Amino acid sequence: LTVIQVSENVGQLLKHNPGQILGQPIAALISKACFEDLESKSRSSYLRNSTPFILSFKAGSSYLTMVHEKDECLIIEIEFRNELPATSHTFNSVFAKLQTVMSAINICRSIEEVATVSVKEIKSLSGFDKVMIYQFDDEYNGSVIAEEMDEGMDTYLGLKFPASDVPKQARDLYLRNPYRTIPDRAYEPVNLTPNVNSLTGLPTNLSDCRLRSVIPVHLEYLKNMNVVAS
């Protein structure tokens with residue numbers, strides 16, 4: 001529970017440069033109640049998987065974060081846009097929408113019907129222009145089995161793709177992580193500092209992080225498909 005690595009843009013969040021934060025106990029940065037909660041969850045291995053956690057800083061701001069254990073460290077992911085208002089009814093509104101989605105899915109009688117309902121509801125919840133459900137066969141060739149999109153977009157429904165289109169390493173990551181969001185393919189990557197984890201002597205494994213960067217060839221793939229966010 002001591003800070004050993006930070007994102008280089010951490011100053012935008014805490015108004016201190018990385019050098020002033022590295023080596024600090026996290027208890028010096030967040031509220032007492034928040035620290036006790038984090039410490040308790042860490043001891044009980046509750047954070048073994050990526051877990052939502054409300055982090056309240058002593059400066060007064062609170063953020064919805066994701067926290068998980070990796071190599072005897074805690075990795076905390078914070079998005080600047082996830083600052084929480086003093087009062088929030090976000091849960092109630094989202095929960096009501098999820099109840100509607102589950103009710104619609106429960107009356108489906110086949111995988112095809114579930115997929116058709118799911119793309120419509122996920123598109124409504126997410127605000128994306130297009131949502132597709134992609135299915136792998138036994139040899140990992142893929143096909144698009146359901147699609148919902150804005151008018152005028154190219155359809156991929158029924159198209160088939162070779163197994164090489166989604167390499168095994170990427171498939172394994174998708175199985176481990178329920179979702180991976182790229183809000184803007186033209187993002188500028190931000191390094192960790194220092195580059196090497198002082199506890200392990202190795203680069204920190206970010207495989208389970210939502211905010212990790214993606215390989216340039218995938219960004220080029222999105223650009224070729226005229227996709228800005230995914």
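Predicted model: local features only at pLDDT ≥ 70, side-chain atom pairs only at ≥ 80, totals over all residues.
The expected span of a helix is 1.5 Å times one less than its number of residues. α5 covers residues 111-126, 16 residues in total, so it should span 22 Å. Its end C-alpha atoms are 22 Å apart, which agrees.

Which residues of α5 are buried? They are Ala115, Val117, Ser118, Val119 and Lys123. An α-helix has 3.6 residues a turn, so residues three or four places apart point the same way.

Three strands make an open sheet, ordered β2-β3-β4, with antiparallel pairing. β2 and β4 are the edge strands, each pairing on one side only. From one strand to the next, the twist averages 40 degrees.

| Strand | Residues |
|---|---|
| β2 | 51-56 |
| β3 | 62-70 |
| β4 | 73-77 |

Six bridges link β2 and β3 in the antiparallel sense. Ser56 stands opposite Ser62 of β3. Helix α3, residues 32-43, lies across β2, β3 and β4. α3 runs at about 155 degrees to β2.

How confident is the predictor? The protein chain has a mean pLDDT of 88. Of its residues, 95% reach 70 or more. Which element has the lowest mean pLDDT, and which the highest? Helix α4 (residues 90-106) is lowest, at 71. Strand β6 (residues 142-149) is highest, at 96.

Note on methods: Residues numbered from 1 in each chain as written. Heavy atoms only, no water. Helix = DSSP H or I, 4+ residues; strand = E, 2+ residues; numbered from the N terminus. Buried < 20%, exposed > 50% of the residue type's maximum accessible area, 1.4 Å probe, protein only. pLDDT = per-residue confidence, 0-100. Pairing = 2+ DSSP bridges. Axes fitted to C-alpha atoms, helices over the stretch in contact; angles between N-to-C directions. Contact = heavy atoms within 4.5 Å.
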